[in-house]
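Q: I have a new model on my screen. Please show me how to read it, one feature at a time.

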Amino acid sequence: MNINTNIAKTYIFAGKKQTAVAGIGVLLGMAIYIFMNCLMLALDRSSTSVIFKNNAHLRVYKEDKMSKELVSNQTAKYLIVNPKVVPKSNTIINPNLVTATILKNKNVVVVTPQVNTSVFYNNSKTQISGMAVGVKPAEANAMYNINSSIVSGDFNALTTNPNGIVIGVGLSNKMNLSVGNNINITSAKGVNRTFKVVGIFRLNVQALDDTKSYINLASAQQLQKEGTLYITDITVNITNPDDAQAVAEEISQITGYKAQSWQEANNSIVTGNKMRNIVGSLVSSLILLVAGFGIYNILNMTVSQKINDIAILKAMGFRGKDVIRIFVTQALAIGILGVIGGVLLAALLINILKNVYVGGDIGYFPIEYDSSRFLSGIFFGIVITFLAGYFPARKAARVDPVEIFRK
């Protein structure tokens, strides 16, 4: 410790109340900054995990084509237009070759075909419309981690039971079904077939839990009166989900089929997450900035109150740099204490809320620790407090002792 540090220490303890107010301001600003950013991250991960329980990173399918103008002469005054979907088969031609082609992409991890079938679930007099998804059980589980959503029964039982079906918990409740019961299904093609419930899942999305089911790929093809090469979708998981849009463009060019990324399929959710993150980051940053202004105001007042002391110091031989060091040291001391307290308070709040059960589809409060958010909070807290001390210090360094003594 040198004489500059001793003087800064004296100023800190001389105005204990001002120092405490400034420190509490930084503490609260830091705690809110870290808390809000950890909350935004947890909400993003929570919504994304729900998306990936039902959606792959990429979906490859045959896109519907719109009919073109019957007269395309641009010089014509009138054009005959009939914008309707051209009635063509939505099946993927040679799905095995397409799958093999997709697997050559270095970013691809899992590829699996599936058949989406519109059906009616029948149980006694109850009939509910929904969607039966024909899958290869092992590959589907590797892609969607369906086992983690199973609340009763076993998803892997589909592998050994060609007449097995795994239904949503909402559908189970509405039709009073449990594992081991039979359910009758009628497809849009008029095929009627009975399946045995081998599992019940919960995706925490009511629209899906009430209508969706999983069956074997061959069973879905039979419901559509199609052969083994009938595939409506090829789903793809890649190494980094954030790169889905770029990989989708590559696959679309190679295969000639529409490749839709999960961001495109869930555009409204992705946009909502971005807006929420922007607002949360802005609010938390402004609160931290307000705490910095608190330090600035206190040091500015200190400079005004200690103007005579500063003049005496400069008359004794202290340079402008020494004066800057004194006030910056004072600001950083307050800032560091506030940052440490803010980090501890944020960690305490996160630990408490993590164990709070809010119920419903959410379960426990969606928040988690993230070291990068803590480090960024510490960095910005130190920077803001340094700047809050530097500007008043620079003002103090410009004090002319002669002018002060004349007054």
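Q: Which way do strand 5 and strand 7 run, and how many bridges join them?
A: Strands pair if DSSP finds at least two bridges between them. Here, strand 5 and strand 7 (residues 192–201) run parallel, joined by five bridges. One landmark is Gly 164, which stands opposite Lys 196 in strand 7.

Q: What kind of model is this, and how are residues numbered?
A: This is a predicted model: local features need pLDDT of at least 70, side-chain atom pairs count only at pLDDT 80 or more, and totals for chains, interfaces and linings use all residues. Residues are numbered from 1 along each chain as its sequence is written, and side-chain values use heavy atoms, with hydrogens and water left out.

Q: In which sense do strand 5 and strand 8 pair?
A: Strand 5 and strand 8 (residues 212–216) pair in the antiparallel sense, over three bridges. Look for Ile 165, whose bridge partner in strand 8 is Ile 215.

Q: Why is strand 5 called largely enclosed?
A: Start with the term: buried means under 20% relative accessible area, exposed over 50%, and partly exposed in between (1.4 Å probe, protein chains only). Strand 5 covers residues 164–168, and five of the five are buried, so the rest of the structure largely encloses it.

Q: How many helices and strands does the protein chain have?
A: Helices (H or I, at least four residues) and strands (E, at least two) are DSSP runs, numbered from the N terminus. The protein chain has 15 helices and 12 strands.

Q: How many residues of strand 9 are buried?
A: Six of six, across residues 233–238. Check both faces. Asp 233, Thr 235 and Asn 237 point one way, Ile 234, Val 236 and Ile 238 point the other way, and all are buried.

Q: What is the bridge partner of Arg 59 in strand 9?
A: Thr 235 is the partner of Arg 59. The pairing belongs to strand 1 (residues 58–61), which runs antiparallel to strand 9 with four bridges. Strand 2 (residues 108–123) also pairs with strand 9 in the antiparallel sense, over six bridges. There, Val 111 has Val 236 as its bridge partner.

Q: Is Thr 117 buried or exposed?
A: Thr 117 is buried, at 0% relative accessible area. Thr 117 lies in strand 2. Contact means heavy atoms within 4.5 Å. Beyond residues up to four places away in sequence, Thr 117 touches Gly 130, Met 131, Ala 132, Ser 187, Ala 220, Leu 223 and Gln 224.

Q: What should I look for in phi angles?
A: Most residues other than glycine have a negative phi. Asn 145 has a positive one, near 55°. Asn 145 sits in the loop between helix 4 (137–144) and strand 4 (150–153), and counts as partly exposed at 43% relative accessibility. Lys 225 also has a positive phi, of about 60°. Lys 225 is in the loop between helix 8 (217–223) and strand 9, and is exposed at 59% relative accessible area.

Q: What is the radius of gyration of the protein chain?
A: The value is taken over C-alpha atoms, and the globule rule is 2.2 Å times the number of residues to the power 0.38. A compact globule of 407 residues would come near 22 Å, but this chain has 33 Å. The C-alpha trace spans about 100 × 65 × 40 Å along its principal axes.

Q: What percentage of the 407 residues is buried?
A: Buried residues make up 43%.
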